[in-house]
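Student: I've just opened this one and I'm new to it. Could you walk me through it?

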Amino acid sequence: MTDAVVIVLREVLEAMLLICMLMASSTAMGYRFKWMALALLLGVCGATVYALRLEQISMAFDGFGQEIVNSTLLIAIAVLLAAHNFFAVKQFLDPKYRIPYGPILLVFVGTVSMAMTREGAEIYLYGYSYGVLAGNISSVFSGGAIGVGIGLSMGTFFYYALKSLPRNKRLITCCVVSLVLAAGMMGQAALYLAQADLLPSQEPLWDTSNVFAEASLVGELLHAAIGYEASPSLTQVLLYVGSILTSLAAMLAAWLLYRKSNDVAVGATQ
Amino acid sequence: MKKATILTVVGHYLARASQILLLMVVASTAWAQIPVFEIEIREHLFFPAEFEIPANQKIKLIIYNRDATPEEFESYELNREKVIVGNSQGVVFIGPLKPGEYPFFGEFNLKTALGKIIVK
């Protein structure tokens, strides 16, 4: 049963931080959580389809379909998160502005459903094969429920910590979280593309596994939060940094486009 | 005038030589084979659990999953992760790596599916 707890928790944690950050961000943007129903529905559907079709998907693209799909999802999430930062900065500069429902729905629903598709597919595969088919339903499912429970409580703590911030600080903190999550996603995309020999692979640039081992609890949390890798390759580091720069560029673009005079921006405190 | 003629002739031969060199480089990369290694998953164990690969070289690893259940081949040190469904196979590229030991595991069977790649 403890196997199931660890496996499910690892997958849940990665999606949970993203979902909770977006929830806190949507409150700062004046939206409530109606988008979550659609996001969760699409996420569950996506995960189920991905898991059921995994064999065909893996065989596609010369046997690298899994890597192509995963890296595409990750890159798409990272791009949408940069768009989120663009809108968040615009909202920060103009509190009266209401982001059009269409674009923000795309950002929130798109990121959450894609993240859930990736993580959920693994949970589905594991639960079905090692739970249902193996006749181990109660132990795997109760372990999974505990994993989900732990993930949910960490997420709740994270959400309320963000929610406790005043609106403007919340927006900027969510931007920072979004920036870091996107960088982690791009680092992982680099992993999949190198695995498929679509991007160059190199020896790791450094090895901090004696500081924070990836297999440890702290290492897993850091991996879910900031995309921590103990021994990243150059390609991973480049994509990670590139993602940070892209998010910052999106924020800078919004700031340049929508700032009024300096006095007004400074005066807009809450 | 004489200098110009010499330069033209030298330039002509340099161009020829670099064309031939380029052709050789391109041909050699086409001929260069990436070593292929195979590993099996049977009863939630890896066979072989330990194997050696050459250092500083990219290799292709074919993972055959002989079990009916899926397994996820994963390694922190190698930065690789791939789900291989039951009765199926998957391919991952690994390396180039410095000499050392690089553990890997099956995420769905953490207690039994453990292995190590030794890079020499």
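Student: Okay, how many helices and strands does chain B have?

Tutor: Before counting, note that this is a predicted model, where local features need pLDDT of at least 70, side-chain atom pairs count only at pLDDT 80 or more, and totals for chains, interfaces and linings use all residues. Residues are numbered from 1 along each chain as its sequence is written, chains are lettered from A and ligands numbered from 1 in the order in which they are written, and side-chain values use heavy atoms, with hydrogens and water left out. Helices (H or I, at least four residues) and strands (E, at least two) are DSSP runs, numbered from the N terminus. From that end chain B reads α-β-β-β-β-β-β-β-β-β, so by the DSSP definition the tally is 1 helix and 9 strands.

Student: And what pattern does chain A follow along the sequence?

Tutor: Chain A has 10 helices and 0 strands. Read along the sequence, that gives α-α-α-α-α-α-α-α-α-α.

Student: What radius of gyration does chain A have, next to a compact globule?

Tutor: The radius is taken over C-alpha atoms, and the globule rule is 2.2 Å times the number of residues to the power 0.38. For 270 residues, the rule gives a value near 18 Å, and chain A agrees with it at 19 Å.

Student: What radius of gyration does chain B have?

Tutor: Its C-alpha trace spans about 80 × 30 × 20 Å along the principal axes. A compact globule of 120 residues would come out near 14 Å, but chain B has 23 Å.

Student: What share of chain B counts as buried?

Tutor: Buried means under 20% relative accessible area, exposed means over 50%, and partly exposed is in between (1.4 Å probe, protein chains only). In chain A, buried residues make up 51% of the 270. Of the 120 residues of chain B, the buried share is 42%.

Student: Is B:His44 buried, partly exposed or exposed?

Tutor: B:His44 lies in the loop between β1 (36-42) and β2 (45-47) of chain B. Its relative accessibility is 25%, so B:His44 counts as partly exposed.

Student: Which chain A residue is in contact with B:His44?

Tutor: Contact means heavy atoms within 4.5 Å. Leaving aside neighbours within four places in sequence, B:His44 touches B:Asp67, B:Thr69, B:Asn109, B:Thr112 and B:Ala113 in chain B. From chain A, the partner is A:Tyr130.

Student: How far apart are the C-alpha atoms of B:His44 and B:Leu110?

Tutor: Along the chain these two are 66 residues apart.
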